[in-house]
Amino acid sequence: MLLWQLKNVRNRHLLWLKLLACSLAAHLLFVAMLFFGYRDGVSSHKFTMHNHSLNRQVMVVLAPTMHKPVANNVQTKQMTLAPSITSANQNKVATRVATLKSAVAKAKADRPAVAKATPVKKAAPKAAPPKKVIAKAAPAKTIPPKIVPTKAVPTKVVEAKIEKTKTVPPKPAITAQSTEKKVEQPKELIEQKNLIAASPTVAQQIMTQSEQMILAQEQNNGPIQIEIPYTQAREFYQQEALRKELSRHWKPPHGISDTCSCEITTYVGNNGVVNDCVITQSSGILMYDVSARAAILAMELPRWTWGDSFAITFKP
Amino acid sequence: MIYLLQLLILCVSLPSFSFYLKALDVHASTHAKVPLLIGIKGAYDTDLTEVGRLIEKDLTFSGQFAITVQNFDNTLTKSTIKTLFKKAYPIAVFLNYTDDARNAIEWRVYDTMHAQMIAGKKYTKRGNINVGWAHNIADTLWPVLTGQLGFFSTKIAYCKAIPNNKGTSMKHICIADYDGNNEQVLVNTPTVNIMPRWNKDTHKPLLFYSEYTNENVRMVMTDMKGNRHIAANHDGINMLASFSDDGKKVVHCASHDNGTCQLYYQDKKNIKRITYTDPKTNNTLMDGNNISPCLSKDGTTVYFCSDFLTGHPQIYSYHLQEERLEPITTGGYCACPTYCPRTNTLAYTKRINGVMQLCLYDIAHKKHVQLTHDASNKDECSWSPCGNYLLVAMEQAGQNRIAMYNLPTHAFHYVTAACVQCDYPAWSQTYATYPMVHTT
């Protein structure tokens, strides 16, 4: 650092240093402008819509780091849901899954309309040393409770896992007493912690949940898991709101082919009124395009779309 | 160096601006009709207004549009069209005569939101009646609006039982519009005429049917003027001709007084009986009755019904070039296959819980779907040219009626009245000129 003192720096180097600093400052300013100005003003969002029925619940697993979206198969589910499980436990889970699969098959044969996977909770395998599990399971980032979905029960379990890892120091086991002590926390949190307290360890919790997930996928009735990074959560909920609003208004006519799709770009004014609605990619079926456009025009546009433009692809 | 640093910072900062493509599932809770306005432009004209009304009737038939007909001045401005959007008509169709002679009608489809013309065409009148003009125009409009083939300039043929003085009944062959309107008797000979089948020529419609005589059941061909010619007159029965799309290949049933009904394939060069021996059982097609043949689009495959293997009627496909037989159904009582070249599917009837139900077979994916579940027996189905409708002979409580099954909506629409006994329906191609019966 001594070398960088003003007296030791030559004039030529000082000039370069000043230029560098100016350039850096200008660039940061430009980036900041781009971030605040470009994003809210000119950006266009793209969504894809399907009109087939979605009966299953959507569960969001918030991942602290960037993850790829999880495919709907059992193996990846194990990997993403319980990253902290040791190899020994993974084997246990694998065997557990095999037995569960056969149980599900049996249950399907006996009673075709199986709805819940709750009976499996009891049959959760013994956990690995909890200290290890917690240390690995606990993500470094803290996750605010706002973005945690509260609809589905399994979602709560996942939230509880994350919340627990955030607030509780790494202890060998979490008991009901330890959660009762923290009275000043919100009710939601206490409920979540009680959920955890009901199960012996976090590891067991994770394993039970993974089993539930696998069972749910097997039965095809349970929640769909979508794993998204924390940074994308807001976009996810924005899209969910848009989806719900659109599904309320979209009434396509009968007899539309499964293969057709159309893209509609909507330009929304700063007051939330649709300035223009352009069919950028027609399906070739006028009545379909028009019904999709009518849905956009009829819906109440969410606040985040004001002064913005977005493109929606409608697919049957 | 500085620029490199800047580039590095920019690269790091870029991901924060990336937007992720999400697939959202939207459940369309209900279906709704699309509002459409038919505008008649120019001075009031009875014919054109009538054409507009008939087009409205055609387009409303599918249940996809809610249509209003309105008269407009000759001058139509953009603002007028945009006003229609505010009145909740996103699509408008305008009709007008193009010349003073009134030989041609022009139609234009507009997107009213932007007052932008989507499509337009000039139709020169074909035939003498406005029903035909309206059907022809509706046929050209339909693909623009729905992406489907038009089926309005088609005809359906069916048998109608007419009681005679002896206490028995004769069967006449009638033809009508796709919706059962404008019924006309085409064949009224004092005998039993059954199983009509259309040829595939879109300019010259011909109807093949089987006529009972004292010696045999012969196949007769007739045109729309009532000119009849004998097509096949062998001993026994001769019936159910089915043509390939090009009209150059035909397959039909004949017994040749052998006791069983066999399939005969005919092209320009030769005529041959379709033969096959099952390698497992050594049963041949001659061991059973083979009926209801229909040719595939290219004329290389014959779909038919036979009981030669199991003793119960089953659906088979026979590949003419490879001389290979493939069973489509393997159990139950399955009959009356009919092939749709547009969707590459086969519709047939199957007895399920004692009731003949409509079933669908996807040839590409080899999947069967049961279409109907009600208590009436369905027999003898026929596809519409667009592949969205099935014409079915329905029997319930001793009543035989022709009904139309709408595949997208799964709804039935009766074509014939309840007081008459009708069966053996057959749906024609979409004709360039609306055919009318002109018997002398």
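**Figure 1. Strand β11 of chain B and its partner strands in the predicted model.** In this predicted model, Trp198(B) has Leu207(B) of β11(B) as its bridge partner. This pair belongs to the contact between strand β10 (residues 193–198) of chain B and β11(B), which run antiparallel and are joined by four bridges. Strand β12 (residues 217–222) of chain B is also antiparallel to β11(B), and six bridges connect the two. Strand β11 (residues 207–212) of chain B is largely enclosed by the rest of the structure, because five of its six residues are buried.

Figure 2. Phe208(B) is a residue of strand β11 of chain B. Its relative accessible area is 9%, under the 20% limit, so Phe208(B) is buried. Beyond residues up to four places away in sequence, Phe208(B) touches Met195(B), Pro196(B), Arg197(B) and Asn199(B), together with Met219(B), Val220(B), Met221(B), Ala231(B), Ala241(B) and Phe243(B). Among these, Met195(B), Pro196(B) and Arg197(B) fall within the residue range of β10(B), 193–198. Likewise Met219(B), Val220(B) and Met221(B) fall within the range of β12(B), 217–222. Between the C-alpha atoms of Phe208(B) and Ser242(B) there is a separation of 9.2 Å, although the two residues are 34 apart along the chain.

**Figure 3. Surroundings of His252(B).** His252(B) is part of strand β15 (residues 250–254) of chain B. The residue counts as buried because its relative accessibility is 8%. With residues up to four places away in sequence left out, His252(B) touches Met219(B), Met239(B), Leu240(B), Ala241(B), Gln262(B), Leu263(B), Tyr264(B), Ile271(B) and Pro293(B).

**Figure 4. Asp362(B) in strand β24 of chain B.** Asp362(B) is located in strand β24 (residues 355–362) of chain B. A relative accessible area of 24% makes Asp362(B) partly exposed. Neighbours within four places in sequence aside, Asp362(B) is in contact with Asn344(B), Thr345(B) and Lys367(B). The C-alpha atoms of Asp362(B) and Thr345(B) are separated by 4.7 Å, and the two residues are 17 apart along the chain.

**Figure 5. The largest nonpolar core.** This core holds 70 residues, of which Phe314(A), Ile38(B), Ile55(B), Leu59(B), Leu95(B), Ile137(B) and Phe151(B) touch the most other members. Helix α4 (residues 130–146) of chain B contributes the most to the core, with eight residues. Apart from this core lies another, of 35 residues, which includes Ile175(B), Ile274(B), Leu320(B) and Tyr424(B). In the 70-residue core, Ile38(B) touches Ile55(B), Leu59(B) and Leu95(B), as well as Gly52(B), Glu56(B), Ile67(B), Thr68(B), Val69(B), Gln70(B) and Val93(B), not counting residues up to four places away in sequence.

**Figure 6. The largest cavity.** Four cavities of 30 Å³ or more are found in the whole structure. The largest cavity contains about 70 Å³ of space. Its lining includes Gly255(A) from chain A, and from chain B Ser62(B), Gln64(B), Trp142(B), Gln148(B), Phe151(B), Asn388(B), Tyr389(B), Asn406(B), Pro408(B) and Thr409(B). By type, the lining has seven polar residues, four nonpolar residues and no charged residues.

**Figure 7. The β4–β5 hairpin of chain A.** Strand β4 (residues 262–268) of chain A pairs with strand β5 (residues 274–281) of chain A through six bridges, in the antiparallel sense. Within this pair, Glu263(A) is placed opposite Gln281(A) in β5(A). The strands β4(A) and β5(A) form a hairpin with five residues between them, and Gly272(A) in the turn has a positive phi of about 90°. The secondary structure of chain A consists of 10 helices and six strands, whereas chain B has four helices and 30 strands. Of the 316 residues in chain A, 44% are buried; of the 440 residues in chain B, 52% are buried.

Terms used: Residues numbered from 1 in each chain as written. Chains lettered and ligands numbered in written order. Predicted model: local features only at pLDDT ≥ 70, side-chain atom pairs only at ≥ 80, totals over all residues. Heavy atoms only, no water. 1 Å grid on protein atoms, 1.4 Å probe; cavity = no way out; pocket = protein on both sides within 12 Å on 5 of 7 lines; lining within 4 Å. Points joined across faces, edges and corners; volume = space filled by probe spheres on them. Nonpolar A, V, L, I, M, F, W, Y, C, P; charged D, E, K, R; others polar. Core = buried A, V, L, I, M, F, W, Y, C linked by side-chain atoms within 4.5 Å. Buried < 20%, exposed > 50% of the residue type's maximum accessible area, 1.4 Å probe, protein only. Contact = heavy atoms within 4.5 Å. Pairing = 2+ DSSP bridges.
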